[in-house]
Amino acid sequence: MAVAETPSWHRGAFDFPNPVNDYAARSTAGLVIALAIVAIAVDKPWLYGLLALGFALRVAGGPRYSPFGRLAVHVIVPRIWKRTKMVPGPPKRFAQTIGLVFSGCAFVLSAAGFGLAAQIVVGLLIVAAFLEFAFGLCLGCIGFGLLQRAGIIPDSVCEACNDFGRNRA
């Protein structure tokens, strides 16, 4: 039985960059913090939905489809940070996926009339984004590493992460 090839128009459409510039990730986290604070203050479902959409776009293709990602990569990093620190991409995609889950939950909670619960969930998201933005501490990346060490995420997903995790221990 022959395996169907991926159509050329689709190839690479949902690729996530690997490696990624840590300063771009940190800049994006700063933009997420700003939008999340506005979402909490206004407490409208559409703002939580906008936050979730941003995470979905970043999960789908890194900065390629995300306005925040593009702004970080093409404007903030070259003009403000002016630094490069390359880190593995798979943990960053995992972190974006966790952000999608949190912001998606906030959207559903808000749409169902549970505004306070949505605000609390996004408050937790702000804490994680702040740690990334201010200190370069990615909680999603830490979780990725723990899951990889436990064998839940195969070593083949991120060989660089596997080596780093083993050397760190």
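Ser110 lies in helix α4, which spans residues 89-111; helices (H or I, at least four residues) and strands (E, at least two) are taken as DSSP runs, numbered from the N terminus. The model is predicted, and local features need pLDDT of at least 70, side-chain atom pairs count only at pLDDT 80 or more, and totals for chains, interfaces and linings use all residues. Residues are numbered from 1 along each chain as its sequence is written, and side-chain values use heavy atoms, with hydrogens and water left out.

With a relative accessibility of 9%, Ser110 counts as buried, where buried denotes under 20% relative accessible area, exposed over 50%, and partly exposed in between (1.4 Å probe, protein chains only). When residues up to four places away in sequence are not counted, Ser110 touches Asp43, Lys44, Pro45, Tyr48 and Ala118; contact is defined by heavy atoms within 4.5 Å.

Tyr48 also belongs to the largest nonpolar core, which has 17 residues and in which Tyr48, Leu51, Ala106 and Val122 touch the most other members. Two or more residues of this core come from each of α1 (22-42), α2 (45-61) and α5 (115-135). A nonpolar core is here a set of buried Ala, Val, Leu, Ile, Met, Phe, Trp, Tyr and Cys residues joined through side-chain atoms within 4.5 Å. Leu51 contacts Val32, Leu35, Ala36, Ser103, Val122 and Leu125, its neighbours within four places in sequence being left aside.

Helix α2 comprises 17 residues and extends 25 Å from its first C-alpha to its last, close to the expected 24 Å; the expected span is 1.5 Å times one less than the number of residues. Its buried residues are Leu47, Tyr48, Leu51, Ala52, Gly54, Phe55, Arg58, Val59, Ala60 and Gly61. These buried residues of α2 pack against α1, α3 (67-81), α4 and α5. Just after α2, Gly62 adopts a positive phi of about 65°.

The cysteines were examined next. One disulfide is counted, a disulfide being a pair of cysteine sulfur atoms within 2.5 Å. This bond joins Cys158 to Cys161, with an S to S distance of 2.1 Å. The torsion about the S-S bond of Cys158 and Cys161 is about 65°, and the disulfide is therefore right-handed. Both Cys158 and Cys161 are buried. Cys138 is likewise buried, at a relative accessible area of 9%, whereas Cys105, at 39% relative accessibility, is partly exposed.
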